[in-house]
Structures are given as C-alpha cells and as structure tokens.
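Reader: Hello! Could you take a close look at one part of this protein for me, the nonpolar core and what packs around it, and walk me through it in one go?

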Amino acid sequence: MNVLNSIKEKDVFDCSTFLQKKENILLDKSSRDLFFKLQDLYDMTVLNNDINIDLAADLIYNSKSLKIIVESSKEIFELFIEFFKSIKLLGVNCVELYEMKNNVNLKNTDVALIFYNGQESELYHNFLDQVLKGKFKIINILSEKTDKIESQKTVTNLYYLSCAQLDKVMCVEILLKCIYLGLLTKFKLKKLEK
C-alpha cells in the first residue's frame, strides 16, 4: 500500500470548528481543544460519503476504460498522478489522465472520475452538461452537495472534508486513499476467490 506522502507528517489536527459546522456537535469551553488523528479524518471522510466510496471503487474496478479529469492546479494534479500510478499498479489497465481544460473524448463504456474545484465555472458546467447526456458513469468529487447533479443516477458523488482548518489538498488525498483502499479490498477478494 502507498505511503500517505504529503500527510505523513501531519498526524494531529484541531477539528473542533469542523465538528461544530459539519456534525452539529455543541462543544463547551473545556472541550474546544479537540484534536483528531489521521485515522479520525479517514473515518470522517468515510462517514461523509456513506456507501459512495465503495460504489466508486466498484465502478473503477469493473471499468473497461477509466478517464480521470482534473483541474490544472499543480498540487491537485500531482495527487491524481500518484492515484493514477497506484491504481495502474493494482491492475486497472485502461486509465487515462486529463486536465479539465483539454478536450476529453468520452465513450459510452467509459467511467470518468472528475475533480474540478471551480464548480461554478462555465467550463465545468458545460462539461457536465455534455457528460450527463451520455451513458457513461461519472464519479464526481465535490466539497459540498449541489442540487444540479445530486439527482443524476449515472453520477456517484464523493465529498472530501471541507473546512477552513483543514488543508484542501490533504483532504482530497485522504479521499483518494479511501478509494484506493476500497479498490485494494476488491482485488484481494478476487485473489481469495481463486
């Protein structure tokens, strides 16, 4: 299993504001200094996504062709390059990585994993409108729920932890590691069945 590259040194975080905002937990003054370890952030990411991490791992595992479409941000793009390499090592062979600004030709049998932070941008909405007309499956990574695609049956939405106290790149990395662990489990179960 891959090492948690950019987060391996950051093993403790103050998440009190995150909990108050996302989990509606009322904290008294004595418990304001709540700290969570990396495992807690994994757990919160999984809780935040319910069964969708497993659904996404299943789509990737069964895909004949996976296209990963990502924003151009250097740090984020590097995260997805690592994810791309990891899943290729597992045996997901037909994987291609694109930047959102480039034209991506999707076929009906494709699974597309999309990460684009500017959900309000015209580029993203034009792309999604085009994508939602097709028959391919979409794994859409967002920070928060949006009504526009929440009801689409062909879309599996994943949500990374979104909070001012938590670094976005780290939160996306944790989500990708959760998907990777889901994939790893599927490949291990397949080996056990043989």
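Author: Happy to. Among contacts in the protein chain between residues at least 6 apart in sequence, 66% join residues at least 24 apart. The model is a predicted one, and 47% of the chain's 194 residues count as buried. The protein chain holds 7 helices and 7 strands, and from the N terminus on they run β-α-β-α-α-β-α-β-β-α-β-α-β-α.

Now to the core itself. The largest nonpolar core has 44 residues, and the members that touch the most others are I60, I68, F80, F83, I87, L113 and I141. Two or more residues come to this core from each of α2, α3, β3 (66-70), α4 (74-90), β5, β6 (137-142) and α7. The element that gives the most is α7, with 13 residues.

Leaving aside neighbours within four places in sequence, I60 is in contact with L66, F83, I87, V92, L113, I139, I179 and L183. Apart from this core lies another one, of 18 residues, with L106, F127, F136 and V155 among them.

I60 also belongs to the buried residues of α3, which are I53, A56, A57 and I60. Seen down the axis of α3, these buried residues fall within an arc of 100°, so they line one face of the helix. The spacing has a simple background: an α-helix has 3.6 residues a turn, so residues three or four places apart point the same way.

You can read α2 in a similar manner. Helix α2 covers residues 38-49, and its 12 residues should span 16 Å at 1.5 Å a residue; the end C-alpha atoms are 17 Å apart, which agrees. Buried in α2 are L38, L41, Y42, M44, T45 and N49. These cover an arc of only 165° around the axis, which puts them on the same side of α2. On the face turned away from that buried side, α2 carries the exposed residues Q39 and L47.

Next, the aromatic rings. A pair of aromatic rings is described by the distance of the centres and the angle of the planes. A search of the whole structure finds 3 aromatic pairs. In one of them, the rings of Y61 and F187 have their centres 4.9 Å apart and their planes at 75°, so the pair is edge-to-face. Y61 lies in helix α3 (residues 52-62) and F187 in helix α7 (residues 168-193), so this pair ties together parts that are 126 residues apart in sequence. How exposed or buried are the two partners? Y61 counts as partly exposed, at 22% relative accessibility, while F187 is buried, with a relative accessible area of 17%.

Another pair is formed by F115 and Y160: the ring centres are 6.0 Å apart and the planes are at 45°, so the pair is tilted. This pair also links distant parts of the chain, with F115 in strand β5 and Y160 in the loop between β7 (155-159) and α7, 45 residues apart. Both F115 and Y160 are buried. Ring pairs link F80, F115 and Y160 into a cluster, and F80 is also one of the residues that touch the most other members of the largest nonpolar core.

Finally, follow the chain to the loop between β4 (95-99) and β5 (111-115), where D110 is found. Is D110 buried or exposed? D110 has a relative accessible area of 2%, so this residue is buried. The D110 side chain makes a polar contact with the side chain of K67, at 2.8 Å. Not counting residues up to four places away in sequence, D110 touches S65, K67, N105, F136 and K137.

N108 has its place in the loop between β4 and β5 as well. At 48% relative accessibility, N108 counts as partly exposed. Not counting residues up to four places away in sequence, N108 touches G134, K135 and F136. N108 and F136 are 28 residues apart in sequence and 4.8 Å apart in space, C-alpha to C-alpha.

Definitions and conventions:
Residues are numbered from 1 along each chain as its sequence is written. This is a predicted model: local features need pLDDT of at least 70, side-chain atom pairs count only at pLDDT 80 or more; totals for chains, interfaces and linings use all residues. Side-chain values use heavy atoms; hydrogens and water are left out. Helices (H or I, at least four residues) and strands (E, at least two) are DSSP runs, numbered from the N terminus. Buried means under 20% relative accessible area, exposed over 50%, partly exposed in between (1.4 Å probe, protein chains only). A polar contact is a pair of N or O atoms within 3.5 Å; within protein, one must be able to donate a hydrogen and the other to accept it, and residues adjacent in sequence count only if both atoms are side-chain atoms. Contact means heavy atoms within 4.5 Å. Rings of Phe, Tyr and Trp (its six-membered ring) pair if their centres lie within 6.5 Å; planes under 30 degrees apart count as stacked, over 60 as edge-to-face and the rest as tilted. The expected span of a helix is 1.5 Å times one less than its number of residues. The arc is that of the directions from the helix axis to the C-beta atoms. A nonpolar core is a set of buried Ala, Val, Leu, Ile, Met, Phe, Trp, Tyr and Cys residues joined through side-chain atoms within 4.5 Å.
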